[in-house]
Structure formats: C-alpha cells, structure tokens
Amino acid sequence: MASISLACLCFTPLLAVEQELAIDARLNEQIIMVPAGSDGQARLQTTVFRPNGPGPFPLLIINHGKDTGEPQYQQRDRFIYMATAFVKRGYAVLVPMRQGFANSSGSYANHGCNMTANGQAQADDVLSTIAFARQQKWIDSDRIVVAGQSYGGLATIALGTRDVPGVRGLINFAGGLRDDGAGCDWRGELVQAFANYGANSKVPSLWMYGVNDSLFGPDLVSRMYGAYVGQGGHARLHEFGVFKRDSHGMIASRDGEKIWWKETEPFLREVGMPTEEKYAVITPPPLPKTNFARLDDIAAVPYLQASGREAYREYLARMTPRAFAVSPTGDWCWAEEGENPDARALETCGKKSNQPCKLYSVDDYVVWQGSTPVDTAATAVGGSGQVGSP
C-alpha cells in the first residue's frame, strides 16, 4: 500500500513487527469504535484527530488501502501528515479501519475480480462513518470531504455514487485494487468499475497518480480516468510525475504534502471547504546533529558485527525520512519512510534486545551521543573516537 520499510536483527530470531505508535496529543488523537454493518453490530476502529475547542469542525475522512496478506493483520492507519495539515486548517479528521481490517470487527468483504462490487462494499463502511460523524456536535455535518488511498481511493469514488448529505468533494490518491488471481483481468475490471461509478457520479473529485506507481501505471490511469469522465463523472486528474521509488505511497510520506496540497487547496476552495491555517500544531524539534562520525563511516557505528555493518550500508541507500538504531548487544534496526521512522526503529529494536537501543543516525546525519568502551579505548591512544567492530 505504501513504500514503508523496516529491517531488524536479533541474535534470537524473531518476527520483525512494527510497534503501535504513541497517541499524538498535539492533534488530540484518540481511537474510537464506530458502528457499521447492516445491523449496526460491527465496530470500526477509527482514529480521530481534531483541533482544540468544541467545534463544530469541517470533516475530512481518509480511507486506507489494503496491504498484502490477511486484512486483520494490517496495522491501524493514521495518515499523520495529511491529518496534521487538515487539523491546522480547522478540520476534524476520521480514519476508519473498515470491517475485517486491524482491530475492526466484522468480516472483510471480498468480491473477487468484481471491482465495482468491491469498491461499493468498502464504501458501505465509509457511509457508516459519515452517518456516525453527522451525529456528533463537534462535526459540521454540511462540510465534509472524503479522501482515500489505493483501495481506499476506489472506495471513495464508489461513495460518490451515493446521495450523501454534506459530502462536497472526493480526493482519490492512487485509487484502485489489484487482484492477481487466476483468470482475473483486474485492469479491465477497474476500468469498468470507474465507468460504472462515473455514470452515477454525484460528487466532484480530484484524482492524483504518479507516473512511477508500482500498481497503477500511466496507461491504466488514463483508461480509468477516461472511462469515468466519459460516462459523465466530474473529475480532474493530476499526474504528478516521479515520486521517490514508488509514487503509490506518496500520501503516507513526509515529503508528499508539497505535491498533494498544491492541487488540493484549489479543489477545496472550489467545493466550498476552508483552506487557511487556523491552529498551530507544534512540531517536535529535530534531534541534534553530533560530530561522532561521518554519516557514511560504516566502521564508526558502535556495537555492530559484520552483518550489522552490511545492514548499515544498505540503510545508507534508503530514502529519507529514515533512522538507524543500535543496542550494546549488537542488535540493530532501521526504518524508512512512513510515520516517525525514528520511533519505529527504536521501539522495534527495543523489543528484540535485552539492553536499551539508541538512535545512531536520522535522515542524513549522525545523532549518536556518548561513548562506548571501544570508543574510550581508541580515544586513550589518541584515536578519533571512530570505532570498528567490537
């Protein structure tokens, strides 16, 4: 779903699982359970972000994609960078995990290669989230915009075929669904799904796809968009070119905002939604750079054995944001892209080591502080403080 990487080592082999990130008090983050399903008995694990104050606030709903593997093992999505941008502008933000995903109850709705039905089934849960939101006093039920990434983008455009009070606009980030099952012409099915949605479209939409999207390339995007508008759908397509290694994960990247906000701002204005910043969200100060060693001095990283140094060499080829953590036991972990890679690297490393892990490098600089026993010995004989393998 997104270009997010994490790698770790422990001398006792364990599965590398990223840890749940801490609740972000800056954005008044909380997790609630939203009723869904035909009988209202299912519960959607939903992340809420909102400004300070009673509201009512205009609402953004962000719909997640589908990772490979079983949906119940997928982690809670937060889309923290997009959520932050909208909270600054006075929006409440809801990120619902649909039925069968993460800690939501209910069953994942799978209609195989029928992409029209898949999108509509997922849209049912988005509709339940909107119905819940409209009942809350802190939500302005007349000013709602819905966005989605990947499978969430397909669900978002499917939602646009419904009569949903208050929904003024849809934003589709790399929307679609891939199914490599035998006999499934998923590309053709996607084109047909968007044609069906376009014929019944009731809400204007903004589409964003990058040319190096690993799932939905330019030719397929052209076919999907052409089918949608050809059947009467009201949409504007922005193809933003190359984004890092894979533009499919642009919305989840710290660096994606400069691309998506440039197009989103005029679209929001067109549909009568606010765009001016109203609230300050404090940005944590960056970790200070140290002079322990050059970033590319692989031999200087403390504690690592040969395999760890090879891992650090690989880490240096990764894209920012990124972080590398080490432990006195020789354990290590690096994380790339996504939300708070420094926290993810530290927490996952800490789960694998029986001694505390510390960050060695963040983005393009070294943050290591203090000394190691080998470092002290090197300094005692006039060394530079850069150390090799213990």
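**Entry 1: D364 and R322.** I started with the salt bridge between the side chains of D364 and R322, where N and O are 3.0 Å apart. This is a predicted model, so I keep that in mind for every entry. D364 sits in the loop between β12 (358-362) and β13 (365-366), while R322 belongs to strand β10 (residues 322-326); the pair links parts of the chain 42 residues apart. Is R322 buried or exposed? Its relative accessibility is 4%, under the 20% cut-off, so R322 counts as buried.

**Entry 2: R294 and D296.** Here I looked up another salt bridge, with the closest N and O atoms of R294 and D296 3.2 Å apart. R294 has 52% relative accessibility and counts as exposed.

**Entry 3: R162 and D124.** These two side chains meet in a salt bridge at 2.9 Å, N to O. R162 lies in the loop between α3 and β7 (167-173) and D124 in helix α2, so the pair ties together parts 38 residues apart in sequence. I noted D124 as partly exposed, at 38% relative accessible area.

**Entry 4: α2 against α3.** How do α2 and α3 pack? Helix α2 (residues 115-134) and helix α3 (residues 151-159) pack at about 80 degrees, with axes 7 Å apart, and are therefore roughly perpendicular to each other. In the contact I listed residues including M115, V126, L127 and I130 from α2, and Y151, L154 and L159 from α3. The contact residues divide into 10 nonpolar, four polar and no charged.

Note on methods. Residues are numbered from 1 along each chain as its sequence is written. This is a predicted model: local features need pLDDT of at least 70, side-chain atom pairs count only at pLDDT 80 or more; totals for chains, interfaces and linings use all residues. Side-chain values use heavy atoms; hydrogens and water are left out. Axes are lines fitted to C-alpha atoms, for helices over the stretch in contact, and angles run from 0 to 180 degrees between N-to-C directions. Helices (H or I, at least four residues) and strands (E, at least two) are DSSP runs, numbered from the N terminus. Angles under 35 degrees count as roughly parallel, over 145 as roughly antiparallel, 65 to 115 as roughly perpendicular and the rest as oblique. Contact means heavy atoms within 4.5 Å. Ala, Val, Leu, Ile, Met, Phe, Trp, Tyr, Cys and Pro count as nonpolar, Asp, Glu, Lys and Arg as charged, and the others, Gly among them, as polar. A salt bridge is a side-chain nitrogen of Lys or Arg within 4 Å of a carboxyl oxygen of Asp or Glu. Buried means under 20% relative accessible area, exposed over 50%, partly exposed in between (1.4 Å probe, protein chains only).
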